[in-house]
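Please open the model in a viewer and keep the sequence panel at hand. The stops below are given in the order in which they may be selected.

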Amino acid sequence: ASLPVAPEIELSAVLGVDEVAHELLADGKIRVEETPAGDPRLGATLTLQGDEVSLAAWSRLLGTMGLAPTPRPTDLRASFRAVVERAPDDSWTASAEIAELSADDGLQRVSAGATQVNNLRVAEDTQGLSIVLPNVALDGAIIVARRTTSGDLVLPLVTVLAQSTGGATSPAPATAPNSKPPSASPITLPNLQLDRLALRAQRVRLLDEYVSPPVELELVSAQVELLDVRTGNAVPVGAQPGATLKASMEAPGLLGRASVEGSVRVSPDLARTQSTLRLSADGVDLSKLQVYLTPLGIEALVRNGQAQATLQAETLLGGGQFQLSASARDVSWGEGEVNYARLDTLALEGLVLDAEGLSIADVVVRGAHAAVERDSQGRLSAFGVRIDPSQLPATTAVPVEPSTEPKEAKPAPAVRIAHVLVESTGLTLVDAAVAPATTAELVVQAEVADLATGGSAQT
């Protein structure tokens, strides 16, 4: 949608910045007027252009952050329009549209596509800062990057170094023996209402030269939607702050389609979270990743795999403890009529981690099943991959210098599990390395109580 911006004040500048850019151009228009209620309204359009931009002059500064300037000069482009208006109640509203935002050096590219922010409203009253944002949309983002033979990630303008050459960090200041750590200030969330945040990446492509032969990985039509984000006083009565998440992506030659849907809820003080996620994937082809698996002695067998799972988790942080309850349900991984693995329920209840150790109230495994096959050559197949034990990378023991310093024995952390239940869980073993070939079914039914180790506990 077009924004009501009329030319009144024209801005234009041409700059040459030594050692940074061949030329920087800025061109725009600004108009200030009154609304019908007599409040100010500001409209602006601005276009920026930078040719042959390089950050080589800032190499030392970038090095302290684990970065380096990308050798190829980069062309920068940006164009946006905006309207900002003050209302009679002293709140501010704004709408903006970014028509172009890109950095391109001919090989690597990062661009934001079309971005719109509609009817942003900011106000402050006795209840604090309030932000209402009905819609934010970013459409058609493109990222084209490269990983070099040394493992560096090359982007326009900057390169992320695989091994940082930054300076040494200063040691932490000493603490007085009887001093107490400063208490954390209470966290207060702003009153935020975000109805919809939509991100769509048109293309994300990585050329990986770190492996041999080089491989090109590409994602297309990656989409993320955050819906109904509410925090602070924007949360309806009786509800918790949180958001609804929807995401999907496609990767030609690797993944037909994957999706994530669910919700996240957070308590006002950020101490408690509740989340539910539903995951699914179709058309999984692991052969695209074979170049990464070969050095591990693994061969990908899956060409059209399907997977799904439902995950739930609840966390609580406070009083020197971290508490977690989590579950995975309806988990499956297979290809066509072949089911590589399935799991009806894996539930973890009452996990508590504190200074004394780890305790778990209940662990339940129900309806888990997998299949393992050994062929006539001794290779093992499971979960859609095959492992040749004779091709596994050799491990070399690293010699350790004997130490003459006396070592203080540290007690093992205490781990306590009150109850473990395993039901209807099995493993199918097919062995074709013997004659005749055999098939065995292993079924597990087990229950364990009061399992403890470490600390003063007895196993």
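Which residue stands opposite Leu380 in β25? Select Arg374, for Arg374 stands opposite Leu380. This is a predicted model, in which local features need pLDDT of at least 70 and side-chain atom pairs count only at pLDDT 80 or more, whereas totals for chains, interfaces and linings use all residues. Residues are numbered from 1 along each chain as its sequence is written, and side-chain values use heavy atoms, with hydrogens and water left out.

**The strands around β24**

Display β24 (369-374) and β25 (380-382) together; they pair in the antiparallel sense over two bridges. Two strands pair if DSSP finds at least two bridges between them. Strands (E, at least two residues) and helices (H or I, at least four) are DSSP runs numbered from the N terminus. The hairpin of β24 and β25 has five residues between the strands, and Gly378 takes a positive phi near 85° there.

β21 pairs with β24 in the antiparallel sense over two bridges, and Ala341 stands opposite Ala370 in β24. β24 and β27, by contrast, run parallel and are joined by six bridges; select His369 to find its bridge partner in β27, Gly426.

**The second largest pocket**

A pocket is an open set of points on a 1 Å grid over the protein atoms alone where a 1.4 Å probe fits, with protein on both sides within 12 Å along at least five of seven lines; lining residues have an atom within 4 Å of a point. This pocket holds about 180 Å³ of space, the volume being the space filled by probe spheres set on the points, which are joined across faces, edges and corners. Among its 14 lining residues, Tyr340, Ala371, Val372, Glu373 and Ser381 lie nearest the centre. The lining divides into nine nonpolar, four polar and one charged; Ala, Val, Leu, Ile, Met, Phe, Trp, Tyr, Cys and Pro count as nonpolar, Asp, Glu, Lys and Arg as charged, and the others, Gly among them, as polar.

**The aromatic pair**

From Tyr340, move to Trp333: the two form an aromatic pair that is tilted, at 6.0 Å centre to centre and 45° between the planes. Rings of Phe, Tyr and Trp (its six-membered ring) pair if their centres lie within 6.5 Å; planes under 30 degrees apart count as stacked, over 60 as edge-to-face and the rest as tilted. Tyr340 is buried, at 14% relative accessible area, and Trp333 is buried at 17% (buried means under 20%, exposed over 50%, partly exposed in between; 1.4 Å probe, protein chains only).

**The largest pocket**

Now select Leu199, Gln223, Val224, Glu225 and Ser248, the closest to the centre of the largest pocket among its 16 lining residues. The volume of this pocket is about 210 Å³. β13 gives the most to the lining, with four residues, and the lining comprises six nonpolar, three polar and seven charged residues.

**Backbone stops**

In the loop between β13 and β14, select Pro213; the peptide bond from Ser212 to Pro213 is cis, with omega near 0°. A cis peptide bond also joins Ala435 and Pro436, with omega about -5°. Finish at Asn119 in strand β8, where phi is positive, near 55°; Asn119 counts as exposed, at 51% relative accessibility.
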